[in-house]
Amino acid sequence: MELDPQQLIEDARQARARRLNAVVAVTVAVLATFMGICKVKDDNIVQAMQQAQADKLDHWSFYQARNIRQEVADATVTLLELGRQGAGAESTARYDAAIASYRQLAKEQAAKKAELKAQAEQDQVSYDALNFRDDQFDLSDASIAIAIAMLAVTALTGLWSLYFAALVPTAFGLAMGVAGLAALPWHPGALVRLLS
């Protein structure tokens, strides 16, 4: 029985296509799984960012309230000091006690205000650190989505060269995802600024 050269060529072509499609399928499955893991961590980071933002707003609001209380106490001290000047000797002691009380209140409000300012500034630091990691997951997501799209075209065209080209965004996406999961300091700031 004689082998048909055309059939041998077609069989070889189909075998290459099956191998490429199998490699593409495994790559897509791995990338989708990795994206899912990253998505869970990224969602937790976004929740923490929202909490840090809410805490910052709360602390600045309390800071403003303390500031108003301090201003009212300072203004009351001024009014009491002016009233004391025209008061008789029997009222001076009461004025002095009220002045001392409001000065103490203003001092307490200033101290509490300083604490709230420090807390609000720390909330911003926490938010920025979380945003740094969120950027890593965003870049990972986008790169892997590009890679999966390229892999879909690879499966349609059967071009190994396109598969190897898809490995570029794959590698970048995996690197950014690992950086986000492990809290590594890898952050392409220029790219993030370009996309922001």
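User: Which elements do the buried residues of α3 pack against?

Analyst: This is a predicted model, where local features need pLDDT of at least 70, side-chain atom pairs count only at pLDDT 80 or more, and totals for chains, interfaces and linings use all residues. Residues are numbered from 1 along each chain as its sequence is written, and side-chain values use heavy atoms, with hydrogens and water left out. Helices are DSSP runs of H or I with at least four residues, numbered from the N terminus. Buried means under 20% relative accessible area, exposed over 50% and partly exposed in between, with a 1.4 Å probe and protein chains only. The buried residues of α3 pack against α1 and α2 (89-157). Among those buried in α3 are Y163, P169, G173 and M176.

User: What is the relative accessible area of M35?

Analyst: M35 has 22%, so M35 is partly exposed. M35 lies in helix α1 (residues 5-85). Contact means heavy atoms within 4.5 Å; leaving aside neighbours within four places in sequence, M35 is in contact with D141, I144 and I148.

User: Which side chain of opposite charge is nearest to K56?

Analyst: Lys and Arg count as positive, Asp and Glu as negative; His and the chain ends are not counted. A salt bridge needs a side-chain nitrogen of Lys or Arg within 4 Å of a carboxyl oxygen of Asp or Glu. For K56, which is buried, the nearest such side chain is D128, 7.2 Å away, and K56 has no salt bridge. K56 also lies in helix α1. Leaving aside neighbours within four places in sequence, K56 is in contact with A120, D123 and Q124.

Conventions:
Helix = DSSP H or I, 4+ residues; strand = E, 2+ residues; numbered from the N terminus.
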